[in-house]
Amino acid sequence: DSEQLVATLMSFVEHYKGAIVPYAAVLLTELSSAILRMLRDPEDQEAANAAQGSLQTVTSILESCTKSPEIFPAVEPTLYNLLDRLMTPEFVDYMEEGLDMLQLLTFFSNPISERLWLYFPRLHQCICGGSFPAPVEARFSGGWASDQMKNLLAPLENFIGRGKDVFLVASGGGVAYKRMIFAVVEKVLFMEKMALLEPNASYAAKLLVSLFEYCPGSLDEEVAPAYAMLWRRWQTAQGEKLRGQLLLALITILNYNPALFLRVSEESQTTQLFFKDWFAWVKLFDTAEMKKSMILALTQLVSLGATNQLPSVLTPTLPTLAQTLATQAVAQAQLRRDGPSKKAWDGESSDGLESDSQDLADDEDKDVDVPVAGRRITDVDAFLDGDSDVEDDDNAPEEFRISPLSSIDELQVVKTTLEGLPAPAQQQFLGWLGPEAAQSLQASLVG
């Protein structure tokens with residue numbers, strides 16, 4: 001029977017995980033069919049438990065295939081019927097497993113297939129509701145998985161980053177895909193009972209970070225609404241983790257287009273307030289990737305200040321900008337020397353509320369790394385070619401993500417920018433730092 005078949009397949013996968021790639025398509029076909037049979041009767045708890053275990057086996061098989069990414073076009077079609085079912089509201093209890101599968105498929109399918117793109121509007125619908133891509137019962141018309149932002153983040157990032165050319169021009173139901181992302185972020189950021197759901201909101205802010213990092217030069221019209229949304233949410237944010245992600249999102253938009261960002265903040269008369277709050281909460285930027293974003297933003301601001309392109313309200317803050325840039329650059333250089341932190345960015349504490357500032361680090365502790373199934377990949381292209389230099393990391397999360405900033409050496413950017421300043425501006429910058437801080441910065445940029 002199907003349960004015996006599933007038990008046999010699960011045992012086989014467990015014992016021969018390293019050798020199942022040639023049989024992955026066959027195994028997944030059998031498992032998918034068996035799981036769909038198990039899910040026919042929602043009242044059968046024994047079948048539901050077996051389905052849960054079987055879904056985890058499906059993910060294990062896909063993870064086994066990651067060393068041979070060329071096989072994904074063959075295994076992907078075996079999961080369509082199963083994913084179609086798991087992405088519906090009736091099976092929300094199994095959605096996390098479905099999103100794990102979708103995360104792997106969207107990361108390793110190159111390019112992302114047209115069939116996989118059909119799931120993008122469904123992810124929007126499960127948060128925001130509506131009748132596209134398919135009508136749902138009235139009780140689900142406002143969405144059915146708004147608490148799943150943590151699990152939605154990775155596949156949505158993959159659609160944006162690995163399918164950018166399609167993402168930027170595609171639409172469904174009369175709504176552009178990029179507008180769908182904004183709708184998801186806004187819905188989660190401003191859900192009721194915000195204090196309890198702030199960890200969920202942190203992942204929404206993180207999605208906005210990825211959007212602006214992955215799409216340079218393509219989101220000018222979205223800067224103003226994004227700034228307004230983030231600034232409004234900042235006013236009510238309580239936990240440090242959410243505050244950190246909101247500030248990171250705002251700084252990412254500043255990096256995207258400093259002049260446009262400052263024009264928007266000036267029009268809303270919030271420039272001084274934003275910079276005051278930013279510098280008051282610098283301590284929240286305690287991971288390498290967050291520091292990288294801040295360093296890049298500060299470097300652009302110092303460059304604009306040296307050429308008198310900053311709003312007049314920021315002129316008095318130039319010494320603080322310079323000193324903060326130096327401090328962060330020195331700290332970043334020290335992080336590089338010390339190696340990656342072992343902290344994990346989870347977005348929530350064990351009791352479901354905000355964790356304290358000691359738990360702020362996120363998944364990308366070391367910005368040039370890509371966490372992959374408990375291992376760190378330092379060269380994504382080499383990994384996809386099967387030649388990566390992988391080091392074991394038992395604490396790394398089982399995720400697949402490429403940091404859009406991984407190719408940027410922020411300390412080199414600082415060095416090049418400062419060397420390109422006019423001589424008087426260079427002298428003024430060093431004067432703001434003082435001899436000791438200037439020497440520490442110089443040593444960090446050389447080292």
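Q269 lies in the loop between α15 (258-267) and α16, where helices (H or I, at least four residues) and strands (E, at least two) are DSSP runs, numbered from the N terminus. The model is predicted, and local features need pLDDT of at least 70, side-chain atom pairs count only at pLDDT 80 or more, while totals for chains, interfaces and linings use all residues. Residues are numbered from 1 along each chain as its sequence is written, and side-chain values use heavy atoms, with hydrogens and water left out.

Q269 is not a glycine, yet its phi is positive, at about 55°. Most residues other than glycine have a negative phi, and most peptide bonds are trans. Q269 counts as exposed because its relative accessibility is 69%; exposed means over 50% relative accessible area, buried under 20%, and partly exposed in between (1.4 Å probe, protein chains only). N308 also has a positive phi of about 55° without being a glycine. N308 is found in the loop between α17 (288-306) and α18 (318-338), and with 72% relative accessibility it counts as exposed.

Two peptide bonds are cis. One joins N110 and P111, with omega about 5°. P111 sits in the loop between α6 (95-108) and α7 (114-117). Another cis peptide bond joins F132 and P133, with omega about 10°. P133 belongs to the loop between α8 and α9 (149-162).

The protein as a whole has 22 helices and five strands. Of its 447 residues, 53% count as buried. Among contacts between residues at least 6 apart in sequence, 70% join residues at least 24 apart; contact means heavy atoms within 4.5 Å.

One pair of helices can be followed in detail. Two packed helices are described by the angle between their axes and the distance between the axes. Helix α14 (residues 240-256) and helix α16 (residues 271-280) have axes that come within 11 Å and cross at roughly 125°. That makes α14 oblique to α16. Axes here are lines fitted to C-alpha atoms, for helices over the stretch in contact, and angles run from 0 to 180 degrees between N-to-C directions. Angles under 35 degrees count as roughly parallel, over 145 as roughly antiparallel, 65 to 115 as roughly perpendicular and the rest as oblique. The crossing of α14 past α16 is left-handed, a term used if the near helix is turned anticlockwise from the far one by less than a right angle, with right-handed used if clockwise.

Which residues in α14 and α16 meet? From α14 come L247, L250, I251 and L254, and from α16 come F274, F275, D277 and W278. The residues of this contact divide into seven nonpolar, no polar and one charged. In this scheme Ala, Val, Leu, Ile, Met, Phe, Trp, Tyr, Cys and Pro count as nonpolar, Asp, Glu, Lys and Arg as charged, and the others, Gly among them, as polar.

Aromatic rings give another view of the structure. Rings of Phe, Tyr and Trp (its six-membered ring) pair if their centres lie within 6.5 Å; planes under 30 degrees apart count as stacked, over 60 as edge-to-face and the rest as tilted. By this rule there are 22 aromatic pairs. F120 and Y177 are stacked because their ring centres are 4.4 Å apart and their planes stand at 25°. This pair links distant parts of the chain, with F120 in helix α8 (residues 119-128) and Y177 in helix α11 (residues 177-189), 57 residues apart. F120 is buried, with a relative accessible area of 1%, and Y177 is buried at 8%.

Y227 and W231 are also stacked, since their ring centres are 6.4 Å apart and their planes are at 10°. These two residues are four apart in helix α13 (residues 223-234), so about one helical turn separates them. Both Y227 and W231 are buried. Together with F261, F274, F275, W278 and F279, they form one aromatic cluster.

L321 is found in helix α18 and is buried, with a relative accessible area of 0%. Leaving aside neighbours within four places in sequence, L321 is in contact with F275, F279, L298, L301, V302 and L310. L321 and L298 are 23 residues apart in sequence and 6.4 Å apart in space, C-alpha to C-alpha.
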